[in-house]
Amino acid sequence: MADTSYLDWPFFEPRHRDLAARLEDWAASNLGQIDHSDTDAACRALVRALGDAGFLEHSASETGDLDVRSLALIRETLARHDGLADFTFAMQGLGTGAVTLFGSDAQRQEWLPKTRSGQAISAFALTEPGSGSDVASSTMTATRNGDDYILNGEKTWISNGEIADVYTLFARTGEAPGAKGLSCFIVTPDLPGFEVAERLETIAPHPLATLRFKDCRVQATSMIGGPGEGFRIAMSVLDVFRASVAAAALGFARRALDESLNRVSNRRVQGAPLAELQMVQGHIADMALDIDAAALLVYRAAWTKDSGAPRVTREAAMAKLFATDRAQEVIDTAVQLHGGDGVRSGSAVETLYREIRALRIYEGASDVQRVVIARQTLAQHHRG
Ligand SMILES: Cc1cc2nc3c(=O)[nH]c(=O)nc-3n(C[C@H](O)[C@H](O)[C@H](O)COP(=O)(O)OP(=O)(O)OC[C@H]3O[C@@H](n4cnc5c(N)ncnc54)[C@H](O)[C@@H]3O)c2cc1C
């Protein structure tokens, strides 16, 4: 049983403890029934199941508020049970984050009831073949033409690419060079000129695609916010969701520790359980310490945002960098403690080993988080 003592920390209110307990019960009884042999079908089933159970209501908000502690608790709990369940929940939030935070009332009313109930799947389309970490160099264009914009270019590494019903997409409208010339649009896959160019396979299967847009006409009313506000919108959305990536890493790490505790308690070496060896105890101590330290950073970032901070760039970057990097280490130790069974295909720790890797790359790679933390720390020093 995973340690839940952190729920007593002062970051949480009774409603968070209630949410964590309800989700834990639901996940334990429902997630095992989802067939993962077809990844797209599994994602669709997971979105429907999470929607029917009411948990997707926390992924987006028609009033523009997102409770980051709830987002983080849900991601942590789902990741501990099933990485794909965490992915589907996360994408419903990230894909509609721009609508929740910056959409008009009409845009919110059109899309959020559908994504929050699980009737529609959403995606976030920012990365391009030539620009991942360097978002300001995006080249996909959106050219004004009467009441429409015409989209041309490619987006790649788009989670839920091909299965999503709605995409929030960033393209260059050219008000200024670089970051200030991007805008955000709501795009649906039925638009002529929208094409899935390629599906991308990864070490942990998720629906991922490259999308191609060729003279794809989208109504100007589909723009979220104003022209030139796309970069600010994208960064604000990532600011909220980055702490939740850290929470997912925390969930993976907690599962790795649980699996390791079972293993070292039951596996006998030289006539005694592995857990009696001091060197093994040293590994268990390091894992438990990394997990608590990561949890403190995750819920510090979430609580700070929920307490009204307009941005939590530094806190979220620290949480993501630490929680994802340490989860990688915790999971690697878990594989080691499992011996040969640790690399057996389909075992829990082998699955975690593949699942964790991408979290150190997407929504800002680890070194990019270091750059962000250093900039913020230096700026604070210079302000005095
Ligand atoms: C599984 C997965 C899911 C994804 N889902 C989505 C999605 O839904 N939507 C979306 O838009 N994108 C998505 N992405 C894309 C992801 O956000 C990018 O892969 C990420 O931003 C890195 O961009 P890149 O791959 O182009 O790598 P690059 O930008 O080429 O960076 C490669 C490496 O260079 C180093 N680096 C880069 N910049 C700096 C810097 N400033 N300082 C120091 N080092 C640096 C880092 O080590 C980095 O890992 C996803 C990616 C993966 C793997």
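I note at the outset that the model is predicted.

**Entry 1: location of the ligand.** I looked up where the ligand lies, and found that the ligand sits in the largest pocket. I then listed its neighbours: 18 residues surround the ligand, and the closest are Phe124, Thr127, Ser133, Trp157 and Ser159. By class, I recorded 12 nonpolar, four polar and two charged residues in this shell. Strand E3 (148-159) and helix H10 (366-383) each contribute at least two residues to the shell.

Entry 2: I checked the distances next. A polar side-chain atom of Ser133 is 2.6 Å from an oxygen atom of the ligand. For Phe124, a polar backbone atom lies 2.7 Å from a nitrogen atom of the ligand. For Ser159, I found an N or O atom of the side chain 2.9 Å from a ligand nitrogen atom. I also looked up the burial: the ligand taken alone exposes 980 Å², of which the protein buries 64%.

**Entry 3: the cavity.** I listed the lining as Ala249, Leu250, Ala253, Asp290, Ile291, Ala294, Ala323, Arg326 and Ala327. Helices H6 (230-266), H7 (278-306) and H8 (313-337) each supply at least two of the lining residues. I classed the lining as seven nonpolar and two charged residues, with no polar ones.

How values were computed
Residues numbered from 1 in each chain as written. Predicted model: local features only at pLDDT ≥ 70, side-chain atom pairs only at ≥ 80, totals over all residues. Heavy atoms only, no water. 1 Å grid on protein atoms, 1.4 Å probe; cavity = no way out; pocket = protein on both sides within 12 Å on 5 of 7 lines; lining within 4 Å. Helix = DSSP H or I, 4+ residues; strand = E, 2+ residues; numbered from the N terminus. Nonpolar A, V, L, I, M, F, W, Y, C, P; charged D, E, K, R; others polar. Near = heavy atom within 4 Å. Polar contact = N/O pair within 3.5 Å; in protein donor to acceptor, adjacent residues only side chain to side chain. Areas by Shrake-Rupley, 256 points an atom, 1.4 Å probe, with all protein chains shown as cover. Sits in = over half its atoms within 2 Å of the grid points.
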